[in-house]
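Subject: Structure handover

Hello,

I am passing this structure on to you, with notes on what turned up when I went through it. Please read the notes with the model open beside them.

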Amino acid sequence: RLLKMEEFFPESFRLDLKDERKAFFENCKEEEIWICKPNCSNQGRGIFLLKNPASVNTLQAKLQSTEEHLLSKGVPHKASKARIVQRYIQQPLLLEGKKFDVRSYLLIACTAPYVLFFAQGYVRLTCVSYDAASDDLTVHLTNQYMQKKSSLYSQLKDETVWRMEHFNSYVNEKFRKTNGLPKDWVFTVFTKRMQRIMLQCFLAAKHKLDCKLGYFDLIGCDFLIDENFKVWLLEMNANPALHTNCQVLRDIIPTIVYESL
């Protein structure tokens, strides 16, 4: 059975498509928070939050002004920059009071025939405690590039990345009984859910892939778990960072690269 989008992907709209853009601005409510992301970017570049009607109105006016300017130059197909707005999950599960997400890997090892592999990755945490009302992006975005902007990063960098084994032990100790989770939820239920979501995304996109011997790609997949232990796919990255700027990454990334090759 294929999953429905709302079962694993936060409600999202493409701002470069007129109908979706219109639907977003018509249905956006005051009490909601949205995250706006540019397409084909990385390291958190160009990401911002829409937290109130004023910020939504500013974005709408900016997009309209850009569209009118480009239309006047005869380039309607580039009327809006490729961005998406995605419903922000305000009740994420926290680890020691900090927001986190999980980077896992999908290796498309071959496209003739299709051969896929899954690899466990690591947990990425923020340097500071979570506050949904904060305007500091380092509170909301967990990637290392963004966390480096925090004044606490130099002293906490090895605490911003956890091994999956550490994460599994933490969930067993802190959440298993109170939330009625099976033992080793991380390596059973959570892992199977990630794999199922990755496979479904691959099946949706495989018709766009060039099928030739020698073609492969390593995809970095980012998952968030909310306080009800629902698993959300945030995004899939075709150019995942392979930096090794802390001890856990020095142990994990070289193995991922070696096994991929």
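Does Arg87 count as buried, partly exposed or exposed, and what is its relative accessibility? Arg87 counts as partly exposed, because its relative accessibility is 29%. Please keep in mind that this is a predicted model.

Salt bridges

There are nine salt bridges in the structure. A few of them are described here.

Arg87 takes part in one of these contacts: its side chain meets that of Glu32, with 3.0 Å from N to O. Glu32 sits in the loop between helix H1 (18-27) and strand S2 (34-38), and Arg87 belongs to strand S4 (residues 83-87), so the pair ties together parts that are 55 residues apart in sequence. Glu32 counts as buried because its relative accessibility is 13%, and the cut-off for buried is under 20%.

Another pair is made by Asp222 and Arg103, whose side chains meet in a salt bridge at 2.5 Å, N to O. This pair, too, links distant parts of the chain: Asp222 is in strand S9 (residues 217-225) and Arg103 in strand S6 (residues 98-111), 119 residues apart. Both Asp222 and Arg103 are buried. They also belong to a network of salt bridges that links them with Asp101 and Arg124.

Arg1 is exposed, with a relative accessible area of 68%.

Backbone

Most peptide bonds are trans, and most residues other than glycine have a negative phi.

The peptide bond that joins Ala112 and Pro113 is cis, with omega at about 5°. Pro113 is placed in the loop between S6 and strand S7 (114-125).

Asp184 is not a glycine, yet its phi is positive, at about 55°. This residue is found in the loop between helix H7 (176-179) and helix H8 (189-205). With a relative accessibility of 27%, Asp184 counts as partly exposed.

Phe229 also has a positive phi, near 65°, and is a residue other than glycine. The loop that holds Phe229 runs between S9 and strand S10 (231-237). Phe229 counts as buried, because its relative accessibility is 10%.

Regards

How values were computed: Residues are numbered from 1 along each chain as its sequence is written. This is a predicted model: local features need pLDDT of at least 70, side-chain atom pairs count only at pLDDT 80 or more; totals for chains, interfaces and linings use all residues. Side-chain values use heavy atoms; hydrogens and water are left out. A salt bridge is a side-chain nitrogen of Lys or Arg within 4 Å of a carboxyl oxygen of Asp or Glu. Buried means under 20% relative accessible area, exposed over 50%, partly exposed in between (1.4 Å probe, protein chains only). Helices (H or I, at least four residues) and strands (E, at least two) are DSSP runs, numbered from the N terminus.
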